[in-house]
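Here are my notes on the model you sent over.

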Amino acid sequence: MSRVVKVFRTLRNHWKKSTFAVCVLSYGGYWLYGKHCDKVLRREACLVAREYGRQQIAPQERLKKATVILNPAACSGKANNLFEKNAAPILNLAGVEITVVKTDYEGQAKKLMEFMEQTDMLIVAGGDGTLQEVITGLLRRPDHDTFSNTPIGFIPLGSHNSLSPSLHLLSDNKVKDITSATLSILKGETVPLDVLQIKGDKDQPVYALMGLRWGAFRDVAATISKYWYLGPLKTNAAHWFSTLKEWPLVRDFSVSYLAPRPRPPDLPTQKLPRPNLLCRIIRRLKNYWNPPVEGEHVEEAEKWEEQQLPTIELFIQTHNKNPVERVSLKITALIHPCTKSSKMTVGEFITVGSKKEEDPTTFTENSTKLEASACQLQLPEGASGFFNIDNEEYEAMPVEVRLLPRKLRFFMSVERKEQLLSQTQ
């Protein structure tokens, strides 16, 4: 008993050292527990992948080939280590023959897609920038119709992974997100996604999966990192200083748009079996005696509608947030209501801007929404600034945006698909 009393007396007499030691031990224990949980997640994922690898294949069949486009610079240079520790072992245990292609500089993924050979699946390991470069390079190919049928897997390794919530169930654990995304590739469940084609007057078109953002909130979001020293107040400070430099933040632009078109029917994911010989003979005889009449197909002229709109923020988006929802094709332009007779106050600008950092597509209930299958943006003369296309910066200019329905197929987790289906019912 005296020994215990002596220990407590020592801790009391050296309370500063004791407090520091407790903090270090607590943090160390928490860090070790997190590492242990990550190992458990990797082990469970590898056990699931091993079952896929043990499946027997016919002698004439070959192993599935996957081409991985990896951006080592993603996630502050940690992407290569994250892929090697969490995703590569799962693919190898499943018996997938992978070819890893690493990018060395920004924009290289677009050039690499020009020389990519046919593969069973394409895996993008990186963030929004890597994914956008890959789909842009893929759809710029002359034979993009053939390569667009290749299923694409997305492993979230970047600081921004806007498409991940649509395809996978996300958590606060980076390792769990990576392993679950890799396992969804093995399970083979796919979903078609729409693609935005954004084309200027001179440059080649750029392709996006989520949308285009332009306006005051976007410009402020690009400057938030400069006020890192203000901690949790950096977002409010960025919006406050922006109002001091430029107010009111109203921007006039004109938009011409086409009415939305009905969504085309889903194509079968599996190839239908060939009819037997008798059915094929009967069908050919019917076509011979009663040939189908080919009517002249007259394409209707596109009817563009134009509007002049003042705005603070413009966002053109797809419906890829819920890819299983069956709605008409449309591009939604969300314009914050701000006219000369009804201006936002500085406080409202800061409050709305803080909320938009959590979800950039958040707008007030009074926002104007335009549904379209294509639109043309005309900016006023002398307009400057930048577009955000899937969180990548591009110089603002007049552009034409078209929606390409069901252009690409992405791997999706079964659990996420069931969750989205339950929400739409």
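1. Accessible areas here come from the Shrake-Rupley method with a 1.4 Å probe, and for residues only the protein chains shown count as cover. On that basis the protein exposes about 25700 Å², with carbon and sulfur atoms supplying 54% of it.

2. Keep in mind that this is a predicted model: local features need pLDDT of at least 70, side-chain atom pairs count only at pLDDT 80 or more, and totals for chains, interfaces and linings use all residues. Residues are numbered from 1 along each chain as its sequence is written, and side-chain values use heavy atoms, leaving out hydrogens and water.

3. I get 14 helices and 16 strands (DSSP runs numbered from the N terminus: helices are H or I, at least four residues; strands are E, at least two). Of the 425 residues, 41% count as buried (under 20% relative accessible area; exposed is over 50%, partly exposed in between; 1.4 Å probe, protein chains only).

4. The largest nonpolar core has 27 residues (buried Ala, Val, Leu, Ile, Met, Phe, Trp, Tyr and Cys joined through side-chain atoms within 4.5 Å). Helix α6 gives the largest share, five residues. Phe 410 is one of those with the most contacts inside this core; beyond its neighbours within four places in sequence, its contacts (heavy atoms within 4.5 Å) include Leu 131, Ile 152 and Leu 209.

5. Have a look at Thr 67 too, in strand β1 (residues 65–70). Its relative accessible area is 14%, so Thr 67 counts as buried. Leaving aside neighbours within four places, its contacts include Thr 99, Met 116 and Ile 123.
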